[in-house]
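Dear colleague,

Please find below the structure that I am handing over to you. My notes on what was found in it follow directly after.

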Amino acid sequence: MNALAKSDGKGLGVGLIGTGYMGKCHALAWNAVASTFGDVIRPRLVALAEASADLARTKAMELGFATSTGDWRELLADPQIDVISITTPNRFHAEMAIAALEAGKHVWCEKPMATVFADAQAMHAAWRGSGKVAVLGYNYIQNPAMRLIRKLIGEGAIGVVNHVRLEMDEDFMADRQTPFATRNEASAGYGALDDFAVHPLSLLRFVLGGVAEVFGEMARPYADRPHPDGGRRAIENYDIATALLRLESGASGALTVNRAAWGRKGRIQLQIFGDAGAIVFDQERFNEVQLFRREGNEETQGFRTILSAPVHKPYDRFIPAPGHGLGFNDLKVIECRELIARIEGEKASVFDFDDGLAIERTIHAIADSFAKGRWVEVKA
């Protein structure tokens, strides 16, 4: 395979906006992708933008970027930058992605697309009119385990799928004394629904397809939280969301997400039931797939554990031995490699703004269903 590079033989020029949790993940991926895969010309880390010039300067030194700025708009005019990573809070995604696309840059934007559906639509329209690549940071679909699950389903390993259950739980909002933060504001979106549910829905879309109808519910485990400036402030969105699903395939489903689930640290569980078996995946057991097949002697039937191994590509690009395990940041490196392939016109396994908008439609349909108290169609 020829090394992926721009037509002038140089690696892609990268601009990064934001250096928090996901910003560092993007930077690590841009730094590691060439060494990991060996078929990519090393990207050029051109410029980094943060909320202040001082913070940007510090982070640029830490993460290996050549220059820095306290104004993200300066990245748009830099001719050395080909692609911009957007890793800011959700409410800034639309403005930044649209501006980057209009400036002729490719975009790698963290999920979800936006907190308002109209903004997601505007991002989609800007992408369609740009001729550029725009992908979203649904890196959990890059897990070799997900590729295996999709393959097993496609081969009929568990027969015809008739039901799925999706869950995502963490406990960073489980303590009622956790201070009020921007993620509790209405401007941050619905809460767990758009912050969390997009991830299990991305896995569902990757392995089975889309959602046709939904019936939604949202809840607040606590009415208010202590405010850093004193007193308590009412929570404006919801830390728990639940939905019944009817899939485009005809299967039924159930989705539950919770940001206040004590004991859960990074749980995304996917259970898929067919007429001849079942598949279970749990994000807290990142490198395992549980497979049950209705075959053989009933006395010895049961789930068997499949450990990720070099045969489950591209695991082999990271580790030459089975059972040693990949991690969260490794999936970002895989996603970065897929993004570069898409930019170079190759077939790539990424979620673009078409996929992202389909997930957004499902999220907003669940919220609409909650408001109306009835089933709602997920309209294209």
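A polar contact is a pair of N or O atoms within 3.5 Å; within protein, one of the two must be able to donate a hydrogen and the other to accept it. Please also keep in mind that this is a predicted model.

Thr67 lies in strand β3, and its side chain reaches the backbone oxygen of Val46 at 2.9 Å. Leaving aside the neighbours within four places in sequence, Thr67 is in contact with Val46, Ala47, Leu48 and Ala60. Thr67 and Gly15 are separated by 52 residues in sequence, and their C-alpha atoms are 9.5 Å apart in space.

The strand that holds Thr67 belongs to a sheet. Strands of a sheet pair through backbone hydrogen bonds, either parallel or antiparallel. Here, six strands form an open sheet in the order β3-β2-β1-β4-β5-β6, and their pairing is parallel. At the edges are β3 (67-69) and β6 (134-136), each of which pairs on one side only. From one strand to the next, the twist averages 20°. Strand β2 (residues 44-49) runs parallel to β3 and is joined to it by three bridges; Leu48 stands opposite Ser68 in β3.

How many of the six residues of β14 (residues 277-282) are buried? The count is six of the six, so β14 is largely enclosed by the rest of the structure. In a regular strand the side chains alternate between the two faces of the sheet. In β14 both faces are covered: Gly277, Ile279 and Phe281 are buried on one side, and Ala278, Val280 and Asp282 are buried on the other.

Finally, I list the partners of β14. Strand β13 (residues 267-274) pairs with β14 in the antiparallel sense over five bridges, and Ile272 stands opposite Ile279 in β14. These two strands, β13 and β14, form a hairpin with two residues between them. Strand β15 (residues 288-293) also runs antiparallel to β14, joined by four bridges, with Val280 opposite Gln290 in β15. The hairpin that joins β14 to β15 passes through five residues.

Yours sincerely

How values were computed: Residues are numbered from 1 along each chain as its sequence is written. This is a predicted model: local features need pLDDT of at least 70, side-chain atom pairs count only at pLDDT 80 or more; totals for chains, interfaces and linings use all residues. Side-chain values use heavy atoms; hydrogens and water are left out. Buried means under 20% relative accessible area, exposed over 50%, partly exposed in between (1.4 Å probe, protein chains only). Two strands pair if DSSP finds at least two bridges between them. Axes are lines fitted to C-alpha atoms, for helices over the stretch in contact, and angles run from 0 to 180 degrees between N-to-C directions. Contact means heavy atoms within 4.5 Å.
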